[in-house]
Amino acid sequence: MFPFDNSYARLPEKFHSAVYPEAVKGPVLIKFNAPLAKKLKLDLDEADTARLAAIFSGNVLPPGAEPLAMAYAGHQFGNFVPRLGDGRAILLGEVVDETGVRRDIQLKGAGPTPFSRRGDGRAALGPVLREYIVSEAMAGLGIPATRALAAVLTGEGVQRETVLPGAVFVRVAASHVRIGTFQYFAAQGDTDGVRTLADYVIERHYPALKQADNPYLALLDAVSARQAELIARWLGVGFIHGVMNTDNMTVSGETIDFGPCAFLDDYDPMKVFSSIDQQGRYAYRNQPGIGQWNIARLAECLLPLLDADEEKAVEAANGVLKAFGERFQAAWLSVFSQKIGIAGAPEEGDGELIQALLSAMHEGRADFTLTFRRLTKLALADAQGGDEKVRLDAEASFLEGFAPWDKAERFLPLWRARLAREAGDAGTLMRRVNPALIARNHRIEEAIVAAMAGDLSPFETLVAAVADPYTDRPEFTALTQAPRDEERVLRTFCGT
Ligand code: AMP
Ligand code: MG
């Protein structure tokens, strides 16, 4: 039924622990991502919802599954924990999708594992829906991320601060290898383990690097490049991951673990939503610095493989860390240049122009997503030339998003002068990179509250809306709007 082709289970025993999902009382399907299942070549066309619920709750194991929990360590808010591992996640196995990419299929919340410590191995409905929505929103935005294959109610309660409905989330990932997976072996002084893992990751994610002069250094460099690029893309849509612990950062470059993550409404670079991030370690603006810090932790793990001479190894690793900063800057500039309509060769002063807009947005408490979308409309109106009223309306609508708006007003002539030197059609480019719609916090909350009361329709609507965020679709206009003050969500919470 699933064309399993498992590779992680073939790694030495110390990498994982075999464990079966624990059956649940009353599985009920919440959502099944049929188009994704098709891409994964899962043969589920004949399966009815009861059958899907049985499979995706873990009650029925598809033939060929070799369920296991992966071992990993990690720095949590800067503190090293030598043994974390999949405490509430079970990898069913891997399939090779229609594009030839190997994908993990994992059940999150399917019962305890040897890594559960004091946890119950379960997940509550709210965090499951949040992860479903945000995974699919990222996919819609075109940002690398794990995907949502299904969500199932277990028919059982989970004890958190109160008893909540339990659910299982089915996640698809290019792999679940994290920086923390490397740390698990490195912290034990197990260089063989680190090497085995590095070889596995090269084979699975970076096969071209086998030919490199120093494949392990090339691996560090490649992971670093993907993280720098990924974080620049996050910033470009106002995304705050919220828990960039080393165990929550993949080496594939996919966004993973959507716990207390959130998209910015009004722009504030120091914004933090997560209730557990009291110091603001993972604030919006801190994300690139943390990304580099995490890569430094990966570099430490790989040092023994980089060069027999420790000094040379450190020097090589430092080169990669330095390049992270440069790469991030270049990626950030590229992302934000496009957001304001610049696609051609960068010019001196482009960075300042972008900063001028961001500074106006910060001071004017402007909504991040709406600002760029309104600027897009203004670029389109400017280009269309003829109708002065359309242009003035677009400009007024842009400026109305700022209070005060004087900085934004001063930005416009500078921006227009810069776009005058662009060959292409700025507005069309901007429409492709500035989403009309993000998974706004208050809409996620609303979907969760309704689902807890038995109404899945806001969740369904939101998932449908975030799938195609760059197209203006009148039926979803309400979801594009910023929260009113009383709707504003100030805190988000982890699933645990
Ligand atoms: P996370 O917050 O999802 O990144 O998880 C951090 C660590 O805590 C991982 O090792 C998880 O497997 C573990 N964990 C989180 N929630 C639970 C739970 N309900 N039961 C067991 N382990 C958990
Ligand atoms: Mg995690």
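Author: What follows takes the domains and then the chain around them. This is a predicted model, in which local features need pLDDT of at least 70, side-chain atom pairs count only at pLDDT 80 or more, and totals for chains, interfaces and linings use all residues. Residues are numbered from 1 along each chain as its sequence is written, chains are lettered from A and ligands numbered from 1 in the order in which they are written, and side-chain values use heavy atoms, with hydrogens and water left out.

The assignment gives domain 1 as 8-176 and domain 2 as 179-434; such bounds come from an automatic or database domain assignment. Between the C-alpha centres of domain 1 and domain 2 there are 27 Å. Across the boundary, 38 residues of domain 1 are in contact with 40 residues of domain 2, where contact means heavy atoms within 4.5 Å.

Now the whole chain. Of contacts between residues at least 6 apart in sequence, 73% join residues at least 24 apart. The C-alpha trace spans about 70 × 60 × 40 Å along its principal axes. A compact globule of 496 residues would have a radius of gyration near 23 Å, and the chain, at 23 Å, agrees with this; the radius is taken over C-alpha atoms, and the globule rule is 2.2 Å times the number of residues to the power 0.38. Of the 496 residues, 56% are buried, meaning under 20% relative accessible area with a 1.4 Å probe, protein chains only.

How values were computed: Buried < 20%, exposed > 50% of the residue type's maximum accessible area, 1.4 Å probe, protein only.
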